Amino acid sequence: MSALHELTAEAAVRALHAGEAGAAEMVDAALARAEDDRWGSFLALAAEAARERAREIDAMPQRPPLGGVPIAIKDALSTRDLVTTAGSRILEGFRPLYTATCVARLEEAGAVVIGKTNMDEFAMGSSTENSAYMPTRNPWGDDRVPGGSSGGSATAVAAFQAPWALGSDTGGSIRQPAALCGIVGVKPTYGAVSRYGLIAFASSLDQVGPLARTVRDAALLLSHIVGRDPLDSTSLEWPAPIEVPQATDLRGVRVGIVSELMSDGVEPGVRAAVERAMGLVEELGGEVRPVSLPATEHGVATYYLIAPAECSANLARFDGVRYGPRLDDSDDIVEHYERTRGLGFGPEVKRRIMLGTFSLSSGYYDAYYGRAQRVRTLIRREFERAFEEVDIVASPTSPTVAFRLGERVADPLAMYLSDVCTIPVSLAGIPAVSIPCGLSEGLPVGLQLAGPAFSENRLLAAAHALEGAIGFDPRPPGVL
Amino acid sequence: MTGAWEPVIGLEIHVQLATRTKMFCACELSFGDPPNTHTCPICLAHPGVLPVVNREAVRLAILTGLALGCEIAPRSTFARKNYFYPDLPKAYQISQYDEPICLGGRVRLLRDGGETWVGITRAHLEEDAAKLVHAGVDGRRAGAESSGVDFNRGGTPLLEIVTEPDLRSAADAGAFARQLRQTLRRLGVSDCNMEEGSLRVDANVSVRRAGAEALGTKTELKNMNSFRFLERGIEAEIARQVGLLEEGGRVVQETLHFDPDTGAIHSLRSKEEAHDYRYFPEPDLVPVAPDPAWVDELRASLPELPADRRRRWTAELGLTYEDAEVLSETAALGDYFEAVAALADPKSAANWVRGELRAQLRELGQEPWESRVTPERLAELLALLGDGTISVPLAKEVLAEVIRTGAAPAEVVAERGLGQISDEDELGALVERLLEEHPAQADQLRGGKDRVVGYFVGQAMKATRGRADPARVGRLVRERAGLPT
């Protein structure tokens, strides 16, 4: 058996159930890795609680399904008594009263939370540089961003600090960092995973999902978190259990490569890696053909009306009155609001709150928010039409490999365009997987595969088959 | 045209629904409990929480909509109404906005002197804000030393009912609000306690020249916490608007507060100061789409409403408007009355239930339907009264006994020998004896003083402890004295 921290989650669960290792050792191994803070993946470690939980699990007469395997959790998810900040100063030191449904389900199944991972403040960003606390560095190159907003979770998994992690994805926040860090990320169908306890950014787009080093691990994690939650009205009764995939070929699978997302805006090295992957699809018995999704070109513009509008309301509750640090002690309530929020939010969050407030204002609603909702419907229909002809649509996950820290900080628009390939899928509410499909300039390239709503099993099966053919080595040089 | 002005009034009524828990979380509703003892992460707007619609609140909204003749929307939605205020922890209120659950109803308003129709524009579900508590001089915000927030009330389910501007007087507005309260109580939708704020009424008021088509500029009178203040407030506002217009001024669209202590009206905010609430669809909730079978079931379960009852009683049973209004106040009293009226003369049933029965029971702290006087017993009593077996004073005595023991009135009468004496010979002998015993009065009588008849009837009643048939005694007195009968 290799070192415990190098095991996939699946192998770790097997080892735990076989009695080859205890949860305590497993958790210690992960914590030892996680305590190395050179990448800045964790905002907080739950070392003591994790060790205690691992001992409890080891003492159980019957080991729970996940056996005591460690997991890292994005700081956007509420964890009882464990500081949860969503990467924001306005929640510094905040200890929630309850645990998010998806985290509670994993704990129930025997996963052990080892810590909370860094993220762009309130999940707004594509590089994790918008964290109020620190930047996170990409394990494939420490001058590179890990992507975002789930950059901490992606880095923790890519740097073998945890076998897997939970992230959240609003416009690409799981898939893009997974792509930039050379791991697997899944954005499930909207409604697949309960959002109860996910600190909201844009409610109609937010979804929790797995980050892992293999498709099978991602599927295993997803299988434990999908399903209806009475505390989330938008969560769905899941039609069939998520299966850990076994497929090794793609016979009969029709893959459409999105023409608009293979344009000049995509780096040549990225395009080449995606094209090679399409070649492998054919070798595995699948069929590749171009599909056109013209409305996706309006995806970013649409997204930057809808998401800020929703966030402007979602973030209005952070006023320093009921929880969070007291950043101001004005006597006047309006002054208190203004100063707390002025000090507590970072520049990108403020930018989006202002954008959203403006687009919902009387007289502008129809032109902005209303129109964006109509374009969203168009995009969804376009995907539906595409799925009449193909089973899966493919594109790069990100038009570029990991960019340099600081490179896009001063240029919000360039940062927003990082998510040009992932945003349309979010607007359509459909599931997508990002898998690593090779390197360009020594940095990982991600391939995005998207399918119709509820097609997770087919999607994961295809991703698994392709993953085998690609044979990507997830170990960044010098990390292990 | 002369100085005749027509008031035009519409009401907006906030009803606190009688659910066990809040609109979007499982906290229990409470009134008067220590502050912040009925809260949870959801109603305190902690990070990451989500609302879930209270099904019972939806049921009560549908019941109300059906009772008000509304269409129940097959699909209704919630929106976020955004504004910052310490009583609103999310900084938005979740409220139905452009797709409310109840639409387009119509209510027959019964009031003394006739009926009129009042249109219902809509009724929609929303959540209440928390309660601000101001410490300082007089509990008001202005000049308070500090303010606290009690989140117990935050998230209480409300139904806002909006009427068309169909009301034409303060009295009609009051009558409508009263009738609505009666209806809501009958349905169990709300306890409609205005003091505790579970029924809050705002009025939109404008005036126009009698006969004019176009509406005048309206003002909104906020939060009047009793029916009397509602009527007084509207009257004061009508007078203020008419005064302004007659002096050549104009009415400004604004929100007003009526101070019942001084009768003064002052402005809370003008139209220019109105908030931009930036409504947008609430993404955390799915549309409310009640199963049509459920709606049908609720429709079938609707009881006869108090107003319909009143209307039937005045039309079919010949009750006065006032009797009908009093007896329909609660369902239990109305049901009791109906049970009596089915077995006895409805008008005397109404009299007795409203009057003597309630008066006697009130002293014992009982309600008719909980008392030993079953409708059957009361009907028996009324029958004895009707066929002349007992007189009214005796009937009251018998009633007191029935209240005590629950015995059949006929048995009480028999046991106590209380039956009315109607026997001509017996009464004739009594009258003759009385004439002898009271010679002075007998002389007056023979001299033609009709008034003295009453004196002898009184004496006869006294002598028989009320059992003598007074009408018969009167006739016999006249006969014996040679007066015309």
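**Domains, contacts and cores**

Reply: Taken over C-alpha atoms, the centres of domain 1 of chain B and domain 2 of chain B are separated by 38 Å, the domain bounds coming from an automatic or database domain assignment. This is a predicted model, in which local features need pLDDT of at least 70 and side-chain atom pairs count only at pLDDT 80 or more, while totals for chains, interfaces and linings use all residues. Residues are numbered from 1 along each chain as its sequence is written, and chains are lettered from A in the order in which they are written.

Me: How many residues does the contact take from domain 1 of chain B and from domain 2 of chain B?

Reply: Two residues are in contact if their C-beta atoms, placed from the backbone, lie within 7 Å. Here domain 1 of chain B contributes eight residues and domain 2 of chain B nine residues. On the domain 1 side, β5 (102-111) and α2 (170-187) of chain B each give two or more residues, helices (H or I, at least four residues) and strands (E, at least two) being DSSP runs numbered from the N terminus.

Me: Which residues have the most contacts inside the largest nonpolar core?

Reply: In soluble globular proteins, nonpolar side chains tend to be buried together. A nonpolar core is a set of buried Ala, Val, Leu, Ile, Met, Phe, Trp, Tyr and Cys residues joined through C-beta atoms within 7 Å, where buried requires 20 or more other C-beta atoms within 10 Å of a residue's own. The largest has 233 residues, and Ile71(A) and Ile114(A) have the most contacts inside it. A second, separate core of 29 residues includes Trp352(B) and Leu382(B).

How values were computed: Buried ≥ 20, exposed ≤ 12 C-beta atoms within 10 Å, placed from the backbone.
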